[in-house]
Amino acid sequence: MIQVNLMIMEKKGKALVSMKDVWKVYQMGEVEVPALRGVSVDIHEGEFVAIIGQSGSGKSTMMNMVGCLDVPSKGTVLLKGKDITKLSESNLSVLRGRSIGFIFQQYNLIPNMSAYENVLLPLELAEVDDASASQRVLDVLDDVGLGDKVENRPAQLSGGQQQRVSIARCLVTDPEIILADEPTGALDSKTGKDVIQTLQRLWKEKGKTVIMVTHDLTLAQYAQRHIELRDGIIVNDYQNKAIKQVKKGEYS
Amino acid sequence: MRLVKSFGHALRMVLHSKLRSWLTILGIVIGVGAVVAIMSLGTGMEQSINNQFGNLGGDQLTLTAGASRGMSSFGPGRFGGGGGATASSEEVVLDRSDLQVLKGISDIKYIDTRISGRADVSYLGEEGTISINGVDQKVWAHIQTSDVASGRLLDSADSNVVVIGGRLADGYFDDPIGINKMITIEGSAFRVVGVLDDTSTSVYMPISMAYQILEDSVRDQYDSIIVAVEDEEQIDATIEKIEKKLRMSRHVTEKEQDFTVTSNKAIIETRSEMLSSMSMFLTAIAAVSLLVGAVGIANTMFTSVLEKTKQIGIMKAIGARNRDILVMFLMNAMLIGLIGGILGVLLGMLLSGLVPTLLSGTPMGRGGSLVTMDSVVLALSVSMAVGIIAGLVPAIKASKLRPVDALRFE
């Protein structure tokens with residue numbers, strides 16, 4: 001296994017995300033509940049990683065660490081060589097805004113904003129000038145096939161369309177890492193395949209690093225590497241020899 | 001995020017929780033409206049009283065016999081002569097020797113000796129008791145400050161003529177008194193030669209005639225002497241000079257001074273001070289409702305932060321810094337304050353326009369109202385500040401939310 005990992009490192013270059021002996025302990029009243037227990041893992045540029053495990057295995061906690069949404073109780077998380085535990089919360093926000101795009105299970109769109117405004121928000125936060133921001137938003141929405149729905153609010157869109165808005169929002173800042181938390185969890189199988197196909201395309205064609213958290217082993221088959229968590233410990237970390245491809249006929 | 005963008009998001013937040021925002025805004029509207037209304041009514045009253053008293057002339061002094069009494073009971077013409085024509089004390093009077101002393105003071109421009117009292121007046125069979133002022137007709141024209149509505153003022157050749165106040169001419173008796181009409185005062189006939197453009201019911205006549213009309217008057221003794229000074233700026237110095245010289249001639253020390261010199265300016269100032277402290281007191285009461293409005297904003301903001309917890313989490317996940325969230329919520333609170341302030345000013349203007357009509361007859365109603373730019377700017381700044389202060393704690397709370405917790409919030 002070590003041999004394999006070394007080979008990957010050589011092939012993939014530097015680690016984008018590097019977790020070293022990461023612990024996360026939640027205080028539940030009097031009781032301390034460890035969600036992660038000494039997790040160490042490197043995720044490299046250009047990988048499509050599926051973090052898999054049952055609910056309660058610690059995979060969401062791990063995603064929060066990778067996404068700089070939370071800091072570990074113990075251990076270090078390096079994102080592009082920067083120790084996130086040493087960054088101020090504002091710097092973490094800036095780092096998140098620039099480097100990471102989130103796709104959530106519940107889409108997490110802001111309900112009183114149109115598709116356009118939702119996708120524009122990350123650019124507003126990054127203080128991108130209005131003209132180029134506007135063009136970029138329209139391009140990205142067009143790219144996910146919602147060019148004609150820019151003025152619709154989330155409530156006026158189907159689940160699949162909402163998830164595509166959230167993908168557009170994630171892509172609009174051109175992040176290096178795409179973090180997808182159960183991205184198809186709330187979708188029917190057809191629209192779910194649309195989403196997974198988009199993720200695969202971003203990985204293959206655009207060279208993005210995609211990290212997907214899922215409990216669905218079928219879905220994980222589309223990823224290149226599997227990291228399996230159980231009770232806060234990595235129990236399996238291997239290359240998926242048979243990466244499943246979404247066939248042309250399966251979506252559209 | 002740029003401020004203009006934060007402002008846009010804040011405005012959206014206000015507009016998207018319509019009912020709650022508007023209810024909160026209503027609290028501020030009432031507070032600001034009450035403050036503006038009271039402030040402008042106060043200013044209006046102050047100005048109208050100043051106008052009335054301003055007519056007295058800031059360059060004039062009133063000299064009366066007797067030690068200092070309440071200032072407000074003094075005053076020339078229409079305010080004088082409450083009961084009887086004598087000076088306030090049997091012993092203490094103003095007479096020719098005082099006049100001579102005043103004539104020797106170079107800072108004095110005009111001296112008008114006066115007696116006043118009440119007398120029975122009849123006109124076309126109607127009778128009434130009217131305040132009569134005997135004035136030195138040679139100088140009265142120079143120091144009286146009302147406009148002449150019709151006719152003329154007194155001149156030195158006049159004897160059995162009078163100038164009457166505007167209300168006596170029109171409104172006191174059933175029939176209006178016009179120029180050249182004859183009125184009977186204590187049995188003697190007088191011709192009206194002029195009507196003043198004011199609201200008084202006073203009668204002005206040459207002092208020589210007033211001595212004959214007013215029963216207990218004594219020739220060459222005066223109820224008051226009105227003095228106009230050369231230089232209004234030096235009025236205090238002139239008062240001192242007059243007091244000093246009169247004390248010498250009357251052989252009294254400063255402690256036993258038996259006369260009083262009052263400047264009209266002092267009367268005006270006392271009145272304004274009284275008024276402004278009254279309106280300040282009322283404004284303070286109104287400000288309490290503004291305070292309640294502020295509590296309303298704080299309450300709304302806390303609710304809003306709670307309601308938007310997930311949204312805050314999303315925004316933080318996609319790159320919002322603490323500062324961005326803080327500014328957005330502060331602007332939201334400030335906007336509620338500002339909108340409340342603007343509407344409050346409008347309400348205040350409306351109220352201050354209505355109150356004089358509703359309360360006509362009371363001092364507040366008489367004064368009218370005046371919404372000054374100052375009070376508008378003050379009201380708007382205060383309401384914005386109230387919004388920001390009330391929104392500060394909720395906004396800080398929002399900005400400090402940890403993204404992971406906020407995202408989990410349902």
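Helices (H or I, at least four residues) and strands (E, at least two) are taken as DSSP runs, numbered from the N terminus. The structure is a predicted model, in which local features need pLDDT of at least 70 and side-chain atom pairs count only at pLDDT 80 or more, while totals for chains, interfaces and linings use all residues. Residues are numbered from 1 along each chain as its sequence is written, and chains are lettered from A and ligands numbered from 1 in the order in which they are written.

Chain B contains 13 helices and twelve strands. Helix 6 of chain B (residues 207-213) includes B:Ala210. A residue is termed buried if 20 or more other C-beta atoms, placed from the backbone, lie within 10 Å of its own. B:Ala210 counts as buried because it has 25 C-beta neighbours inside 10 Å. Of the 410 residues of chain B, 45% are buried.

Two residues are in contact if their C-beta atoms, placed from the backbone, lie within 7 Å. Apart from neighbours within four places in sequence, B:Ala210 is in contact with B:Ile115, B:Ile132, B:Gly134, B:Met205 and B:Ser217. The C-alpha atoms of B:Ala210 and B:Ile115 are 7.3 Å apart, although 95 residues separate the two in sequence. Among contacts in chain B between residues at least 6 apart in sequence, 83% join residues at least 24 apart.

Between the chains, 20 residues of chain B are in contact with 20 residues of chain A. On the side of chain B that touches chain A, helix 1 (3-16), helix 9 (309-317), helix 10 (322-358) and helix 13 (403-408) of chain B each supply at least two residues. Helix 9 of chain B gives the most to this side, with five residues.

How values were computed:
A residue is buried if 20 or more other C-beta atoms lie within 10 Å of its own, exposed if 12 or fewer, and partly exposed in between; C-beta atoms are placed from the backbone.
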